Amino acid sequence: MPANGTNENDLQEMLATVHGDKQRLELILAEAIQTGAFLQGSRFPTERAIAEYTGLARNTVRDALSRLANRGLIVRHVGRGTFVSTLPQRQRKGSDRSDDANQWRGQQPSPRELVEFRSECEPALVPMIVMNASDDELDELEHLALKGRAAATWWACEAADAAFHAHLFAVTHNSVCFFIGDWLTQARRGQSWLALKQQTFSFQRWGSYQEEHETIVRHLKSRDINAARKVLRNHLSHVQGWVGG
Ligand SMILES: [Zn+2]
């Protein structure tokens, strides 16, 4: 099986959760593409492998793959096989923006650039979160943080981390922050970020990130700006150390 960001065991494990439900198959595969479990441009698992691991009929799997292709998530090349689409999310759904910003969309920031920006920008969200986020939104943030405990693969941990940080931006109630957060989430689906994450992943490191996430939530819930900002800053400097300055 060629490297596509997920190994045979991960694939088997992921597809075992389909439980013979064909709608769920499409949902799980689409989610795996969108969260970056399958790297952009990499070879997509074969119809045969998917049928084998899910127990679904080949024609059922073929239907699901056709729908993913129609959604622009995968691309089929006759004679070469099926690949994960390399188009950014927005372009897949049909972009209505034709402005100059498009020229930047195809370019992926490096992991170092991403973390450098995030370590300055995310701590600055804390006062807005403390002042504007509702108790329900902070409960949701806690829920997202706790979900990370159950993550059993590198990409599930990456997806949990991305969802946690995206929510920090969203609950500021500031539309600029929201859009930046959304953009950063997209950027984390880029190949350079995911490849680095996959290659260097360790559950030990994830365990300490997980603890930091939970501490951040605790301080945000007690509306303690200084404590939350300090832990978030430390968290991001650990991430920065991982990327390697
Ligand atoms: Zn994190």
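Analyst: Within H4, the buried residues are Val61, Ala64, Leu65 and Leu68. Viewed down the helix axis, these buried residues fall within an arc of 100°, and therefore they line one face of H4. On the face of H4 turned away from the buried side sit Asn59 and Asn70, both exposed.

The cover over the buried residues of H4 comes from several elements, including helix H2 (22-34) and helix H3 (47-54). Strand E1 (74-77) and strand E2 (81-84) are also among the elements that cover them. Just after H4, Gly72 has a positive phi of about 80°.

E1 and E2 run antiparallel and are joined by four bridges. Among the bridged pairs, Val75 has Phe83 in E2 as its partner, and Arg76 is bridged to Thr82 in E2. The two strands form a hairpin with three residues between them, and Gly79 in the turn has a positive phi of about 85°.

Gly81 lies in strand E2. This glycine counts as partly exposed because 14 C-beta neighbours lie inside 10 Å, a count between the limits of 12 or fewer for exposed and 20 or more for buried. Gly81 and Phe44 are 37 residues apart along the chain, and their C-alpha atoms are separated by 7.9 Å.

For comparison, two further helices can be described in the same terms. Helix H10 (residues 154-170) has 17 residues, which should span 24 Å at 1.5 Å a residue; its end C-alpha atoms are 24 Å apart, so this helix also agrees with expectation. H10 is mostly covered, with 15 of its 17 residues buried.

Helix H11 (residues 175-187) has 13 residues and reaches 18 Å from its first C-alpha to its last, close to the 18 Å expected at 1.5 Å a residue. Its buried residues are Cys177, Gly181 and Ala187. They cover an arc of only 120° around the axis, which means that they are on the same side of H11. The face of H11 turned away from that buried side carries Ser175 and Phe179, which are exposed. Among the elements covering the buried residues of H11 are H10, helix H7 (111-121), helix H8 (126-132) and helix H12 (191-200).

Two loop residues deserve a note on backbone geometry. In general, most residues other than glycine have a negative phi. His173, in the loop between H10 and H11, has a positive phi near 65° and is not a glycine. With 14 other C-beta atoms within 10 Å, His173 is partly exposed. Arg223, likewise not a glycine, has a positive phi of about 55°. Arg223 is found in the loop between helix H13 (203-221) and helix H14 (225-243), and it counts as partly exposed because it has 14 C-beta neighbours inside 10 Å.

As for the setting of these parts, the chain contains 14 helices and two strands. Of its 245 residues, 32% are buried. Among contacts between residues at least 6 apart in sequence, 69% join residues at least 24 apart.

On confidence, the chain has a mean pLDDT of 86, and 89% of its residues reach 70 or more. Over residues 90-100 pLDDT stays under 50, and the model has six contacts beyond four places in sequence for this segment. Where pLDDT is low, the predicted coordinates should not be read in detail.

How values were computed:
Residues numbered from 1 in each chain as written. Predicted model: local features only at pLDDT ≥ 70, side-chain atom pairs only at ≥ 80, totals over all residues. Arc of directions from axis to C-beta. Contact = placed C-beta atoms within 7 Å. Expected span 1.5 Å × (residues − 1). pLDDT = per-residue confidence, 0-100. Pairing = 2+ DSSP bridges.
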